[in-house]
Amino acid sequence: MSAAEPAALEANAAEPQAVASYIGTTEPFASDAVYFVVTDRFVNGDPSNDQREQGGANRTFDRPVPGAPKGRSANIGYLGGDFKGILDNAHYIADMGFGALWLTPIVDNPDEAFTGGDAVKWGGMHTDRGKTGYHGYWGVNFYELDEHLPSPGLDFRALTAGLKQRGLKTVLDIVANHGSPAYTMPADQPKFGEIYGADGQLLADHQNLHPSKLDPKNNPLHRWYNTGGGLAQLSDIDSTRPEVLDYFVGAYSKWIDQGADAFRIDTIGWMPHEFWNAFSARIREKRPGFFMFAEAFDHDAATIAQHTLPRNAGVSVLDFPLKERLVEVFGGKGAGYERVAERLYLTDGPYANPYELMTFYDNHDMPRIDASDKGFIDAHNFLFTARGIPVIYYGSEVGFERGSAEHAGNRNYFGQPRVDAAVGHPIRESLKRIATLRAQTPALQRGLQVNLEFKDDRAAFYRVLQDGATQQVALVLLNKGDAPARFEIRKHLQPGAWRAALAGGKVDVSADGVLDATVPAHGVEVYVLDAPVTDPTLREALNDAMQRARRSG
């Protein structure tokens, strides 16, 4: 909660007839929906940086996953996506209504395919033999740009500047808990299990030893690593060492200096709260208010909410508990909206602020949602009107690889032909419509949410923002059913000229009146009233929502 918000609550209580403040969040980043790309898998804009001969016998380019069923494919090698492919298509992303682009890590990764661990197989999980660092999460030098990404005149600084010119902020994916695969190789491979400093000096080397064989007391190159092991064969970094914190603060500060606007923190739960509290504090000393959100892959809200508290990292998180229900509601199960409502935690929840959570239905670490075109449309209508900051995984605008898991197509190459063909696709056009509305409607970005109905195929709720000169009430009506749905809204409804933001036109509501609306099948309507709140029952509900939304600590 910002310092201004408690004062606003006191003013609301002291002066009930004054123009009160009703704010879900003051976070500026909340205005920007996020499009997420695995950079190597988006578009190959510059084939000259593909490094197709890299790795020799352990080549890094184009390594199909064995065992694919007929007509299916997946790949664990580099496929050419780069900064130029992103910048060439920035207009495509911004045109859909997004204000930010999340990139996978950009730091240097090993130059060979990994020869240890268990062999990758179709649909397998946590198996890495034959895999490369195409995804960026096997960092070796966190101060150095991976050679597969830039082009002449287009380094990271130039990319972020170009994205800003096209209306997009840059979210950089960062890793601190692990480096590259570090042991079980038949023979030690260059860079694997190694970490290099800003000047290229070797700081840590696992030396292809099992974690239990490391000797951090006597070997300086082992001191960065834990001896208990971690995920798969990845080097597990010791968070207790001050030089580790210094290293990552320094490395990621470099990328802030080159234009990163926000961080997505990978695997935050693998390092203790003390590390992330110190890390976030030092980053924000350099850049006050810098926005960060984290991945804590857990469906228990109380568990992941700990990272949002000021005494810990004090960052936002990806909303995995809500994601679990969105898959039920908009995927093949077709569950009712009541399954969503209880995961919103609008009041008395565990989060520092639920309005700053990153909302999504899938990403690169899980199967893509197995939804019909209508299911995607319904999901987007909800995500771009409900509380939180929506994140959409690349290709979802056309239902790309729906239902596919990692090593079974989840991270497949998208490519320029698919980008070009996407324009006009029903999912994309519907997404553009609702995302653009969110981008133009402050109440949908930062407003408090007051629910009216969440049941079966119907949902109705208010989003209200009253912040200085911005005074806006939005009434959201959602219908994911196959037939039109009629809504008769009376509760908390105040008189005025409500404009139908999507269908156009106005509805004049008189005192003690009703807003009667029919929403098409798999449709949405948002009625907007640009006026201060005057209805006493709505005012009471908003005061309660604002007082009970946030948790301190």
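The following paragraphs describe the overall form of a predicted protein model and then two of its local features.

The protein chain contains 14 helices and 22 strands. Its C-alpha trace extends over about 80 × 50 × 40 Å along the principal axes. Of the 553 residues, 59% are classed as buried. Among contacts with a separation of 6 or more, 74% are made by residues 24 or more positions apart.

The accessible surface of the protein chain amounts to about 19900 Å², and carbon and sulfur atoms contribute 50% of that area. The chain carries 55 positive and 71 negative charges, whose mean positions lie 2 Å apart.

Helix α10 spans residues 373-383, and nine of its eleven residues are buried, so the helix is largely enclosed by the rest of the structure. The buried residues of α10 include Phe 376, Ile 377, Phe 382 and Leu 383, together with Asp 378, His 380 and Asn 381.

The side chain of His 148 forms a polar contact of 2.6 Å with that of Asp 146. When residues up to four places away in sequence are left aside, His 148 touches Asn 49, Asp 50, Gln 51, Gln 54, Thr 60, Tyr 78, Gly 81 and Asp 82.

Notes. Residues are numbered from 1 along each chain as its sequence is written. This is a predicted model: local features need pLDDT of at least 70, side-chain atom pairs count only at pLDDT 80 or more; totals for chains, interfaces and linings use all residues. Side-chain values use heavy atoms; hydrogens and water are left out. Helices (H or I, at least four residues) and strands (E, at least two) are DSSP runs, numbered from the N terminus. Buried means under 20% relative accessible area, exposed over 50%, partly exposed in between (1.4 Å probe, protein chains only). Contact means heavy atoms within 4.5 Å. Accessible areas come from the Shrake-Rupley method with a 1.4 Å probe; for residues, only the protein chains shown count as cover. Lys and Arg count as positive and Asp and Glu as negative; His and the chain ends are not counted. The place of a charge is taken as NZ of Lys, CZ of Arg, CG of Asp or CD of Glu. A polar contact is a pair of N or O atoms within 3.5 Å; within protein, one must be able to donate a hydrogen and the other to accept it, and residues adjacent in sequence count only if both atoms are side-chain atoms.
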